[in-house]
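Try each task yourself, then read the worked solution.

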Amino acid sequence: MTDLITSEPAAMPADWTVRSPHRIKRARAETRFRLYGIVAIGIAVAFLASMLLTIFIGGAGAFTTSKIGLDVTFNEQVIDPSGARDPASFRGVNYRPLITGALAEVFPDVEGRQDTRALYKLISTGAVYQLENMVTENPDIIGTTQRVWVSAGTDTNLYLAGKIDPDMPQELRQLTERETGWIETLKSAGHVKTDINTSFFTNGDSREPEQAGILGALMGSFFSLIVCFVIAFPLGVLTAVYLEEFARKNRLTDFIEVNINNLAAVPSIVFGLLGLAIFLNVFNLPRSTPLVGGMVLALMTLPTIIIASRAALRAVPPSVREAAYGLGASKVQTTFHHTVPLAMPGMLTGTIIGMAQALGETAPLLMIGMVAFIVDVPTSVVDTATSLPVQIFLWADNPEIGFREMTSAAIIVLLIFLVLMNLLAVILRKKLERRW
Amino acid sequence: MASDNTALLRETRSSKKLMEQVITLGLLLCSSVAVITTVGIVASLVFEAFRFFQQVSITEFLFSPHWSPQTAIRADQVGASGAFGVLPLLTGTLLISFIAMVIAAPLGLLSAIYLSEYSSRRMRGWVKPVLELLAGIPTVVYGFFAALVVAPIIRATGSGMGFEISSESALAAGLVMGIMIVPLVSSLSDDVISAVPQSLRDASMGMGATQSETIKRVILPAALPGIAGSLLLATSRAIGETMIVVMAAGLAAKLTLNPLDAVTTMTVQIVTLLTGDTSFDDAKTLAAFAIALFLFIVTLILNVIALKIVDKFKEAYD
């Protein structure tokens with residue numbers, strides 16, 4: 001190289017160290033182009049970060065809640081006037097006087113119907129059920145006075161969380177000056193504490209934000225995914241086995257392949273319409289249930305599972321099959337005793353990823369009616385239910401300000417589940433995958 | 001004894017063979033589920049749409065510029081029949097998809113180029129999972145973000161500059177949808193760009209071209225069909241996207257191309273028409289199936305074309 005340059009100096013172009021305007025321009029264009037790429041990635045990452053940040057900051061508050069401590073006297077006259085201690089009679093008793101009584105102890109100077117009603121509204125309407133449960137579980141507390149921590153009312157919660165702007169004009173505010181004064185009195189007297197919001201994880205939906213929980217939606221999603229798995233996993237794996245191991249390349253298999261590829265790109269809402277027209281209207285399956293939801297989701301995840309399973313089967317080297325054939329195994333034996341078990345980790349990984357997609361799916365479930373207001377937690381696949389993403393959609397639509405926090409919190413839970421599922425898929429792939 | 005054995009062997013062999021055939025048939029049945037699903041989709045959409053077109057003419061559906069599916073409760077009420085022109089829904093869908101592609105195409109393409117041509121292995125290892133995360137977030141989350149964060153920001157910015165922006169503008173929905181599609185464009189384009197043979201790069205660099213000149217003048221033209229295919233796939237995804245538009249776009253069926261207006265889309269109308277009480281004889285419910293059939297055909301055509309282009313492209317360099 002050096003020889004060449006020294007022997008033919010005339011062939012050298014202008015000195016390379018000199019930066020001609022043309023070359024400076026080209027170098028700048030190069031830097032600029034590189035920058036475009038970084039900016040593009042930066043925008044996508046910044047968007048993701050700001051979205052996650054908004055949701056995590058907005059939702060964190062929903063995991064804690066304010067509790068009001070009341071010294072409730074479990075008055076026998078109110079709960080069990082007959083003195084029979086019949087557990088069945090504890091249900092349906094009006095426990096409200098117990099709470100108003102306890103409040104009157106703290107605020108002796110609040111009188112009049114309207115004022116006591118305003119005072120009662122500081123407490124969650126669910127508090128009476130809490131007292132009812134306490135009495136039913138332990139009738140011995142009748143006649144005693146206990147410090148009971150009950151949930152704060154919707155507006156009280158907002159005020160204590162600093163979500164009510166004190167500068168807002170009185171008539172627009174959820175709470176009047178006097179009501180916030182009461183809350184401050186409770187607070188300074190040690191009647192207020194912040195607690196983990198357990199009802200968020202143990203309750204179904206509710207009209208009141210402080211009583212609403214995601215358990216119903218979680219169970220709905222869980223049952224739907226079970227149905228989805230039971231249908232989609234065997235069907236997907238067997239389809240992949242057929243196409244990869246058994247099918248001859250002909251028109252029929254080509255047609256099936258084209259079908260699968262196109263199904264993967266059909267808008268999800270169209271699957272919902274299929275469920276509505278066929279599963280609900282033709283087969284008369286129960287509306288709004290995880291059974292139908294899971295069936296629709298299964299058809300949607302089928303292409304994902306098939307494509308992943310085929311890739312997994314293709315990765316098993318032909319030598320394994322040939323060895324089995326050489327020992328006299330039939331095609332079915334070879335496939336199901338050797339090829340499929342070896343391809344199973346890849347198939348499971350694909351299935352988990354498909355299930356994660358199904359967990360986040362909303363639109364098709366709206367079509368089959370899994371979008372109703374359902375308070376009860378579903379206990380089987382034929383109970384009416386919603387699912388976690390549908391619950392998010394419903395809460396996001398709710399104008400009540402308390403639900404905004406809940407929506408973000410539900411999204412956090414959904415994202416955690418998705419991350420866990422994807423993590424499981426990654427670990428499975430790393431642990432079980434064999435390199436040939 | 002010997003003859004007994006061979007007879008036994010023959011018998012087991014033939015029963016084994018029968019078993020094999022039964023299993024193969026079973027497998028074929030399993031794989032036909034995908035076909036049955038497609039048939040089911042087409043049949044249910046066509047059947048219900050056919051019933052719709054018995055009540056509303058196809059020409060009205062395709063060419064009428066009015067959409068207001070409210071059928072009256074009493075027969076003598078004004079506007080009792082409802083108007084079923086799909087045109088405003090189509091323009092709304094196309095407007096939002098266009099905004100989404102204006103965002104997604106450059107962002108996705110540029111990040112794909114950077115990732116496949118410039119970035120170090122380490123950076124690729126970081127950025128790829130982030131983009132996959134973006135793709136894995138459920139659309140309902142994007143919808144929530146679009147409706148409760150992006151739309152108010154756009155509205156505030158607009159009123160600061162003196163624009164009147166509706167709180168359910170096409171811009172907010174399109175913008176967020178664009179970001180959602182970036183990973184799709186990026187991963188598809190990445191595949192396509194990586195499929196361009198190294199020899200083309202080497203030849204171009206050998207002639208003294210800089211890396212960006214190589215990309216712009218050699219690689220992109222060579223990858224163009226594949227990139228076009230991936231953009232088509234992304235468009236089809238944008239057209240069929242539901243939750244973002246349901247939550248962030250409006251219900252007003254307006255024939256407008258102004259991105260600051262509220263528009264509605266085909267998917268939004270399907271959801272609105274079919275959630276709540278549905279009776280299966282009125283035009284309102286059946287209209288949803290007609291829209292869905294239209295949507296299905298449009299996305300199917302886009303997908304088939306896109307897949308053909310990408311396949312052709314990949315064959316060319318194999």
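**Exercise 1: two domains in chain A**

Task: Find how far apart the centres of domain 1 of chain A and domain 2 of chain A are.

Solution: Keep in mind that this is a predicted model. Begin with the bounds: in chain A, domain 1 covers 63-197 and domain 2 covers 215-432. Next, take the centres over C-alpha atoms; they are 46 Å apart.

**Exercise 2: the overall form of chain A**

Task: Work out how the radius of gyration of chain A stands against that of a compact globule of 436 residues.

Solution: Start with the rule, which puts a compact globule of 436 residues near 22 Å. Chain A itself has 32 Å. Then look at the box filled by its C-alpha atoms, which is roughly 105 × 75 × 40 Å along the principal axes. For the make-up of the chain, count 19 helices and 3 strands in chain A. Buried residues account for 42% of its 436 residues. Finally, turn to contacts in chain A between residues at least 6 apart in sequence: 78% of these join residues at least 24 apart.

**Exercise 3: where the chains meet**

Task: Say which helix gives the most to the side of chain B that touches chain A.

Solution: Count both sides to begin with: 64 residues come from chain B and 63 residues from chain A. On the chain B side, helix α1 (residues 2-55) gives the most, with 18 residues.

**Exercise 4: the nonpolar cores**

Task: Name residues that touch the most other members of the largest nonpolar core.

Solution: The largest nonpolar core has 192 residues, and B:A146, B:A173, B:V176, B:I244, B:A248 and B:A292 touch the most other members. A second, separate core has 26 residues, including A:L103, A:I123, A:Y159 and A:I183. Now zoom in on B:A248: leaving out residues up to four places away in sequence, its contacts include B:G143, B:A146, B:E168 and B:V176.

How values were computed:
Residues numbered from 1 in each chain as written. Chains lettered and ligands numbered in written order. Predicted model: local features only at pLDDT ≥ 70, side-chain atom pairs only at ≥ 80, totals over all residues. Core = buried A, V, L, I, M, F, W, Y, C linked by C-beta atoms within 7 Å. Buried ≥ 20, exposed ≤ 12 C-beta atoms within 10 Å, placed from the backbone. Contact = placed C-beta atoms within 7 Å. Domains from an automatic or database assignment. Helix = DSSP H or I, 4+ residues; strand = E, 2+ residues; numbered from the N terminus. Rg over C-alpha atoms; globule rule 2.2 N^0.38 Å.
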